[in-house]
Amino acid sequence: MATYKAEFLHHHYKHRLRPLSHYSMGWLPILAQIAKLAPRLINLVTQSPLAPLLKKAGGIAEERDIPRFAPQNFVSMWKRRRKPTAAAEPAPNGPVILWPDTFSNAFHPSLAKAAVAVLEDAGFEVRVPTQPVCCGLTWVSTGQLKVAKKVLSHTLDVLRDDIRAGVPVVGLEPSCTAVFRSDGVDLLPGDEDMRRLSLQTRILAELLTERAPDWTPPQMQVNAIVQTHCHQHAIMGTDPDKELMKSAGIDAEQLKSGCCGLAGNFGFEDGHYDVSRAAGERVLLPRVREADADTVVLADGFSCRTQVEQCDTGRTAMHLAELLASGVGRNGMDSVTKGKKRA
């Protein structure tokens with residue numbers, strides 16, 4: 001359905017003026033690159049009395065809050081990280097590319113930092129692309145496929161050496177991971193590097209269960225309710241997550257809730273709020289509200305976490321990487337965040 005929608009929008013708006021939301025949300029990765037220059041100032045404006053005008057200008061539902069940019073994005077933190085000494089022993093499980101998707105990088109860098117801690121504890125050498133890269137998701141979802149192809153081709157240029165060397169890529173945002181696993185091959189048919197990237201891309205649980213057989217995850221002994229992102233259901237599946245959570249002592253209830261209701265840009269678009277909220281109120285939101293205070297709400301998708309946080313639940317959902325990192329007991333990015341407010 002997502003592919004049909006993208007193709008329809010691509011053809012429908014070839015010679016038509018697009019909705020405002022296709023620019024405000026379709027071009028989000030570019031806006032995020034600009035926002036990193038002055039995130040606090042931008043947040044001050046988007047959370048000010050000017051917010052209603054900004055939403056109207058961007059085709060955003062008035063009921064929605066504009067997400068805040070982190071004070072510092074993850075890639076900027078990574079660039080400042082203290083490099084290991086030359087005498088350091090090589091990582092037993094080899095290198096892995098941690099994909100800096102727009103959502104983890106610009107809005108929730110804490111979960112990317114948590115992933116570094118987990119991956120390094122599991123014996124991987126973490127690599128992060130430091131120049132602007134993107135999977136093209138927001139352009140795909142708004143049917144701007146020509147732009148998506150150019151963005152994805154640039155990413156392949158940046159990753160080419162590692163891709164051809166067989167280095168796995170781990171994605172934290174399910175929708176972005178799904179682009180590498182599925183949409184990208186459709187967008188760039190016949191491109192061998194895109195095919196390689198598709199085969200080498202993993203979600204965190206897949207990588208840890210497949211490539212770190214000797215690693216013992218931290219024993220959490222917690223209860224959790226899990227909202228699985230739609231793209232993960234459709235493309236990657238949930239078996240690796242279930243296996244990893246079970247081995248970590250996480251008593252997880254997989255919610256039979258379907259879509260959280262936000263559905264990427266859909267739930268943010270003007271006129272869609274009532275449908276978006278109603279979808280969340282079927283199962284997810286009531287279950288979160290009734291959960292015990294010590295029950296963890298897990299949602300790897302940015303959309304799912306945002307829906308939980310913006311729909312009067314009083315709860316904040318977290319990524320599986322963050323929960324595991326709390327058990328690992330160290331932060332893989334401490335060397336660059338000491339003395340700074342955590343994002």
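Reply: Leaving aside residues up to four places away in sequence, Ile250 touches Met220, Val222, Ala224, Met245, Leu320 and Leu323, where contact means heavy atoms within 4.5 Å. This is a predicted model, in which local features need pLDDT of at least 70 and side-chain atom pairs count only at pLDDT 80 or more, while totals for chains, interfaces and linings use all residues. Residues are numbered from 1 along each chain as its sequence is written, and side-chain values use heavy atoms, with hydrogens and water left out.

Ile250 is also among the residues with the most contacts inside the largest nonpolar core, which has 40 residues; such a core is a set of buried Ala, Val, Leu, Ile, Met, Phe, Trp, Tyr and Cys residues joined through side-chain atoms within 4.5 Å, buried meaning under 20% relative accessible area with a 1.4 Å probe, protein chains only. Helix α8 (109-121) is one of the elements that supply at least two residues of this core, and α8 gives the most, with 8 residues.

The sheet is open, with 3 strands in the order β6-β5-β7 and parallel pairing (strands are DSSP runs of E, at least two residues, and helices runs of H or I, at least four, numbered from the N terminus; two strands pair if DSSP finds at least two bridges between them). Because β6 (250-254) and β7 (296-298) each have a single partner strand, one side of each is left without a neighbour in the sheet. Between β5 (residues 222-226) and β7 there are 3 bridges, and Val226 has Leu298 in β7 as its bridge partner.

Key:
Buried < 20%, exposed > 50% of the residue type's maximum accessible area, 1.4 Å probe, protein only.
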